[in-house]
Amino acid sequence: MTTALRSLLHIDILVLIAMSGLCLSFLMSVTQLGLSLAKAGKRS
Amino acid sequence: MTDLFTEMAGTAFIWAAYIGAFIFLARKGKGYDAASTGRVGFVVQAFAYVATYISAVALVGFGGLAHAYGLQLLLVAAGNVWLGTWFVYRFLAWPTRKWKERLQVRSPATLIGQGHNSPLLGRVLALLFAVLLGVYTSAVNKGAALLLGEVLPLPLWSLIWLLAVVVGFCVHMGGLRGVLYTEAMQGGIMLVGIVMIVGVIFSKVGGPLQGLADLAALPPTDLANRGFVALSGGGQGLFVLSLAVVTSVAVWAQPQMVQRHFAVGSKDQLRRITPLAMLILTVLVGGTYFAASLSRLILPEVSSPDAVMPTLMRQLLPYAGVQVFVLAIVSASLSTATALYHIAALALAEDVRGKKSTPASWAVGVGVCVVISGACAQIEGSLIAMLCTTSWSLVGSAALVPYVALVLFGRRNALAAWCSCLGGFSACLFWYLCVFKPTALTPPLVPSLAALPPFFTGIGVSIAGWGLGGLLSFTREPAARRVPEA
């Protein structure tokens, strides 16, 4: 955890925003797809 | 000797299977006409959208730039995911589908033309798409042939013609539906290849976090002048930001991308396509640029940015891995090529003629594309190189404002659309020829603005053209209409 934070602290704010945007996109997509598949599974 | 024979047999088997699958999936379009999709599942649509979007330039070219510029290239990846995909599916895809149904049109050029009550505008745009995208396919084709030459010992000219004919055959046989299925397969192969090389690079640098710490410790260079984990200062930083905007916004009105929305079946389906397309794109471009930045730790200097990914491939992957990675990059090129062939052929076969294509006109349209693509790829001409470099921005500058005005704001105005289209295209072309330093034929007319990308000028003038046209038509006909969204 400490290593991770130290690594991230080196990074410029704009690049950090871009990385967060990509992480958010990944998590959001996985969650939405999971929910959508679960819904479809329930229906069938 | 036996090993060499096994390798050659393996290579031949992999490529024969690939071409076989390509043709098999193109046959899915049999029984549908050139511009019809029928019902297409959300997985196929999501993979097809990403595969059309991401060409080998994005993976190999921009991967090389990530090696040179560092993590700031993630701004391009984030822009592609949020502006180029999320925004498009949230605000443009469904209205485009509804307008297509309402106007009973079959192509993006006629959508804009009929949408603004000017069939002639549709024909002019179709001609523009056919010329620019037809020639652009030659660059895509040549890129794929060069990579294929890494694993198949055949002369370059023969590989170029082989690819042009195979792509043309599949597009002719499958039409739009076949193109979507082949692109989906290619998108899947791209994902496998990229995940593989990203995994290998991560393991070589001791994991992403260790890699980040080591990358941050590297001294700045001319391109990454604030280090490899920060946006560069001056012109270098501006270049990265402009790359992010051009690749994420100009894509909205590229006809091959607009056409993907025609296949959307319902809003419910759209809610599944969006996250899946974002997920694939995040892994593909985010993973590639992140790993390519970290690759600087294991590959400090290379001859040119374009050599980075092939060098990494040769150094890090075993024989089977090289085959999969080359398949992935060739797939990135071919998926873009099939989409471009289809748009250019459809423009020639029916949009320019102003009537629905027949089997004969469709065959002629595809044949012309094969010849243009194959022949232009053999020529080392500066005009062709120029058209290939500029087509993305020129098409975006001409079509983006009238398209967005129609589908996002429900505005229909022929004069405004003409002013916007001609103004945007002319301004972008002028900027390329006379001001933008990398492409100007003479010393830049305005040296202080020589670094400003032509797409920005094109879009600025296009918006002004729309405003001017709207004002003129308002004074002539106060009833310039705002039609409610379809």
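Helices are DSSP runs of H or I with at least four residues, numbered from the N terminus. In those terms, B:His342 is placed in helix 13 of chain B, which covers residues 319-351. The model is a predicted one, and the points below should be read with that in mind.

**Surroundings of B:His342**

- B:His342 has a relative accessibility of 0% and therefore counts as buried, the limit for that class being under 20% relative accessible area.
- A polar atom of the side chain of B:His342 lies 2.7 Å from the backbone oxygen of B:Ala34.
- When neighbours within four places in sequence are left aside, the residues in contact with B:His342 are B:Ala34, B:Val171, B:Gly175, B:Leu176, B:Val179, B:Gln259 and B:Trp362.

**Interface of chain A and chain B**

- On the side of chain A, 22 residues are in contact with chain B, and 27 residues of chain B take part in return.
- About 2,100 Å² of area is buried between chain A and chain B, and carbon and sulfur atoms give 78% of that area.
- Two or more residues of the side of chain A that touches chain B come from each of helix 1 (2-9) and helix 2 (13-43) of chain A, and helix 2 gives the most, with 16 residues.
- By residue class, that side of chain A divides into 14 nonpolar, 7 polar and 1 charged.

**Cysteines**

- Over all chains, the search of the whole structure finds 0 disulfides.
- B:Cys428 is accordingly in no disulfide, and the nearest cysteine sulfur, that of B:Cys421, is 12 Å away; B:Cys428 also counts as buried, at 0% relative accessibility.
- For B:Cys434, the closest cysteine sulfur is in B:Cys428 at 12 Å, which is too far for a bond, because a disulfide requires the two sulfur atoms to be within 2.5 Å.

**Backbone with positive phi**

- Most residues other than glycine have a negative phi.
- B:Gln104, although not a glycine, has a positive phi of about 55 degrees; B:Gln104 is found in the loop between helix 4 (74-103) and helix 5 (108-115) of chain B and is exposed, with a relative accessible area of 66%.
- B:Asn117 has a positive phi near 55 degrees and lies in the loop between helix 5 and helix 6 (119-148) of chain B, where B:Asn117 counts as partly exposed at 41% relative accessibility.

Technical notes:
Residues are numbered from 1 along each chain as its sequence is written. Chains are lettered from A and ligands numbered from 1 in the order in which they are written. This is a predicted model: local features need pLDDT of at least 70, side-chain atom pairs count only at pLDDT 80 or more; totals for chains, interfaces and linings use all residues. Side-chain values use heavy atoms; hydrogens and water are left out. Contact means heavy atoms within 4.5 Å. Buried area is the accessible area (1.4 Å probe) that two parts lose on being put together, summed over both. Ala, Val, Leu, Ile, Met, Phe, Trp, Tyr, Cys and Pro count as nonpolar, Asp, Glu, Lys and Arg as charged, and the others, Gly among them, as polar. Buried means under 20% relative accessible area, exposed over 50%, partly exposed in between (1.4 Å probe, protein chains only). A polar contact is a pair of N or O atoms within 3.5 Å; within protein, one must be able to donate a hydrogen and the other to accept it, and residues adjacent in sequence count only if both atoms are side-chain atoms.
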